[in-house]
Amino acid sequence: MLQSASTSREGQQLAAVPRWQPFPFILQFFDRLKLFWMPAKHQPDFIYLRHVPLRKVHFFTAIQLTCLVLLWTIKVSRVAIIFPMMVLALVFVRKAMDFCFSK
């Protein structure tokens with residue numbers, strides 16, 4: 001959404017400034033985590049739930065959660081030196097997931 005601001009004296013319109021929503025993908029991740037414990041009849045009407053089976057959404061969320069826990073574990077351990085390599089490995093995990101879920 002675009003939001004415009006005006007100056008105080010002249011009332012002239014400044015350039016449109018985009019409204020920023022912090023961390024939209026993190027918010028979606030937490031919404032998908034809540035779906036694990038939510039009965040089907042109480043689930044919100046998210047656009048991705050209309051087009052993707054719930055089983056695949058749960059599988060994708062579980063993979064994301066596993067990768068997040070793995071990265072955090074590596075980050076706080078003595079092998080933190082390989083943390084950049086694990087971030088690079090996530091690129092390949094994402095490509096593999098795109099290939100699996102594209103069908």
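**View 1. His-58 and what it touches.** Leaving aside residues up to four places away in sequence, His-58 touches Leu-35 and Phe-36; a contact here means heavy atoms within 4.5 Å. You'll find His-58 in helix H3. Is His-58 buried or exposed? His-58 is buried, with a relative accessible area of 18%. The labels work like this: buried is under 20% relative accessible area, exposed is over 50%, and partly exposed is in between, using a 1.4 Å probe and protein chains only. Before you go on, note that this is a predicted model, where local features need pLDDT of at least 70 and side-chain atom pairs count only at pLDDT 80 or more, while totals for chains, interfaces and linings use all residues. Residues are numbered from 1 along each chain as its sequence is written, and side-chain values use heavy atoms, with hydrogens and water left out.

**View 2. The whole chain.** Zooming out, the protein has 4 helices and 2 strands. Both are DSSP runs numbered from the N terminus: helices are H or I with at least four residues, strands are E with at least two. Starting at the N terminus, the order of elements is β-β-α-α-α-α. Of the 103 residues in the protein, 14% are buried. The protein exposes about 8800 Å², and carbon and sulfur atoms supply 68% of that; accessible areas come from the Shrake-Rupley method with a 1.4 Å probe, and for residues only the protein chains shown count as cover. Among contacts with a separation of 6 or more, 31% join residues 24 or more positions apart.

**View 3. Helices H3 and H4 side by side.** How do the axes of H3 (residues 54-76) and H4 cross, and at roughly what angle? They come within 11 Å and cross at roughly 170°. The axes are lines fitted to C-alpha atoms, for helices over the stretch in contact, and angles run from 0 to 180 degrees between N-to-C directions. Residues making the contact include Phe-59, Phe-60 and Ile-63 of H3, and Met-86, Leu-90 and Val-93 of H4. The contact residues divide into 14 nonpolar, no polar and 2 charged. Here Ala, Val, Leu, Ile, Met, Phe, Trp, Tyr, Cys and Pro count as nonpolar, Asp, Glu, Lys and Arg as charged, and the others, Gly among them, as polar.

View 4. Arg-94 lies in helix H4 (residues 83-101). Which residue forms a salt bridge with Arg-94? That's Asp-98, with the closest N and O atoms 3.4 Å apart. A salt bridge is a side-chain nitrogen of Lys or Arg within 4 Å of a carboxyl oxygen of Asp or Glu. Asp-98 and Arg-94 both sit in H4, 4 residues apart, about one turn of the helix. Arg-94 is partly exposed at 48% relative accessible area, and Asp-98 is partly exposed at 38%. Arg-94 and Ile-63 are 31 residues apart in sequence and 9.9 Å apart in space, C-alpha to C-alpha.

**View 5. The other salt bridges.** Searching the whole structure turns up 3 salt bridges. Lys-34 pairs with Asp-31 in one of these, the closest N and O atoms being 3.6 Å apart. Why are Lys-34 and Asp-31 separated by about one helical turn? They are 3 residues apart in helix H1 (residues 24-34). Lys-34 is partly exposed at 49%, and Asp-31 is partly exposed at 23%. Arg-50 forms a salt bridge with Asp-45, with the closest N and O atoms 2.6 Å apart. Arg-50 and Asp-45 are both exposed.
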